[in-house]
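Keep the viewer open and follow along.

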Amino acid sequence: MSSDHFLCLVLLLLVAVFFPRALSTSRGSSLTPTSGGGEVNNGFRVKLKHVDSDKNLTKFERIQHGMKRGRHRMERLKAMVLAAASSSASVDAPVVAGNGEFLMEIAIGTSPTAYSAIMDTGSDLIWTQCQPCKQCYDQPTPIFDPRKSSTFSKLSCSSQLCEALSQAATCKDGCQYLYTYGDYSSTQGIMATETFTFGEVSVPAVGFGCGEDNEGDGFTQGGGLVGLGRGPLSLVSQLKEPRFSYCLTSIENTKGTSTLLMGTLASKGVNDTSSSSSSSTIKTTPLIHNPSQPSFYYLDLQGISIGGNRLPIQTSTFSLQDDGTGGLIIDSGTTISYLEDSGFSLVKKEFKSQINLPVDNSGSTGLDLCFTLPSDATEVDVPKMILHFKDADLELPAENYMIADTNLGILCLAMGSSSGMSIFGNVQQQNMLIIHDLEKETVSFLPTNCDKL
């Protein structure tokens, strides 16, 4: 062997030891670190599928299914916050939101096993069902068998990711985890690292939960979950990539494809033809940090205008309180937005006064405010709605907050009321590129035709 060849071999070994992300895996291209701290140079794109996309549902049925899941999710989120705010709360295992409305088509292992994972911006842990199963629910794809993968490796109890599990981790043949969700679903198993494939990009040594005991009906849409929260266990934190974005197609669009963009691709739509030409200005608002719920993406909503009228909502209505309660989070896993009761009642009152249609009090849709459409209605004017976030006045397209159905003869406000916590849901986010920048600690909104992104 020549000295040059020997030197090259030594350099490759050093790269493998100190920069494992720089080596390609057997499928697609790999993410590579920069020289300054392991940040991802290259990004990836993953298609997202709505959990109800394969079901033969009308627009309102789709909303109603999502609302049922969203109500449960909101209650879980609120319970988490209240538990954290109570100093007397004793939690044996972390209780997290779980569930979600969009599925990621990804693969795990070498050779890869494809599966659908729930995308969840409200939690951190990445996990999938694993063989041999003590208790597993039915999933549409084969359950991952780590014995058939050459890149599976158990995490030690002294690893940073195991320590991030806090008191819920136990040490028995590696780092054991238990995650309990608010609807009493749970996942339990061993923490490990494995190669994950996102689209055409493979990422080695991703920490995840290999769930051998998974109970409850909260996850039957997919074979696991990918947490995109702000905590150390999430995919975003593990990649040390401070930027990701997603673009969700309209709930009426059953054939369109939503998209998750990670890394340098996250701002793809900013200079893209997919951006709406009429209003392509990015609106950017700062993220708020809640020490008691550090994984959530809190925004500072300061007011709401309907039809040009700024509503007399008290500035404290959507504020994050000192004990960690209150506030507003942006969440991809909740269908419609839920506003603090006092704020929502003013929104509801203003729409009633500005829309010259009779109110439908039948309650048939499950939504809080509906109007009866005339039998010959082909077009209805609705007042503009602007959400006044700090440094960003976000005007919502009418279809993002008003849902009309001429067959049913109704027009409904796609929002609801809550108590103690507000949520900016995914119907209000549709056809916008939502850019999360954790380095700048901001969230940006860019009107975008998500079908063409």
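**Side chains and strands, contact by contact**

Start with threonine 187, whose side chain makes a polar contact of 2.7 Å with the side chain of asparagine 214. Keep in mind that this is a predicted model. The threonine 187 side chain also makes a polar contact with the side chain of tyrosine 177, again at 2.7 Å. Threonine 187 sits in strand E10, which covers residues 186–198. Is threonine 187 buried or exposed? Its relative accessibility is 0%, and since anything under 20% is called buried, threonine 187 counts as buried.

Now for the aromatics. The structure has twelve aromatic pairs. Phenylalanine 208 is buried, at 0% relative accessibility. Another pair, phenylalanine 389 with phenylalanine 445, is stacked: the centres are 5.9 Å apart and the planes make 15°. Here the link runs between distant parts of the chain, from strand E22 (residues 385–389) to strand E29 (residues 442–447), with the two residues 56 apart. Both phenylalanine 389 and phenylalanine 445 are buried. Go back to Phe152 and Phe208 for a moment: ring pairs link these two with Phe44, Phe144, Phe196 and Phe198 into a cluster.

Strand E22 leads us to a sheet. What is the strand order there? It reads E18-E17-E22-E23, an open sheet of four strands with antiparallel pairing. Strand E18 (309–310) and strand E23 (392–396) are the edge strands, each pairing on one side only. Inside the sheet, strand E17 (residues 301–306) runs antiparallel to E22, and five bridges join them. To find one of the bridge partners, pick glycine 303 and look across to histidine 388 in E22. Helix H5 (residues 341–354) packs on this sheet, where it touches E17, E18 and E22, and its direction makes about 15° with that of E17.

On to charge. Side chains of opposite charge can pair when their charged atoms come close. The count here is four salt bridges. In one, aspartate 173 meets lysine 154, with the closest N and O atoms 2.6 Å apart. Aspartate 173 is in the loop between strand E8 (170–171) and strand E9 (175–181) and lysine 154 is in strand E7, so the pair ties together parts 19 residues apart in sequence. Aspartate 173 is exposed, with a relative accessible area of 58%, and lysine 154 is partly exposed at 42%.

Next, look at arginine 243 and aspartate 437, whose side chains form a salt bridge at 2.8 Å, N to O. Arginine 243 is partly exposed at 26% relative accessibility, whereas aspartate 437 is buried at 5%.

Lysine 384 forms a salt bridge with glutamate 395, with 3.9 Å between the closest N and O atoms. Lysine 384 lies in the loop between strand E21 (370–372) and E22, and glutamate 395 lies in strand E23, eleven residues apart. Lysine 384 is exposed, with a relative accessible area of 51%, and glutamate 395 is partly exposed at 42%.

Terms used: Residues numbered from 1 in each chain as written. Predicted model: local features only at pLDDT ≥ 70, side-chain atom pairs only at ≥ 80, totals over all residues. Heavy atoms only, no water. Phe/Tyr/Trp six-rings, centres within 6.5 Å; stacked < 30°, edge-to-face > 60°. Buried < 20%, exposed > 50% of the residue type's maximum accessible area, 1.4 Å probe, protein only. Pairing = 2+ DSSP bridges. Contact = heavy atoms within 4.5 Å. Axes fitted to C-alpha atoms, helices over the stretch in contact; angles between N-to-C directions. Polar contact = N/O pair within 3.5 Å; in protein donor to acceptor, adjacent residues only side chain to side chain.
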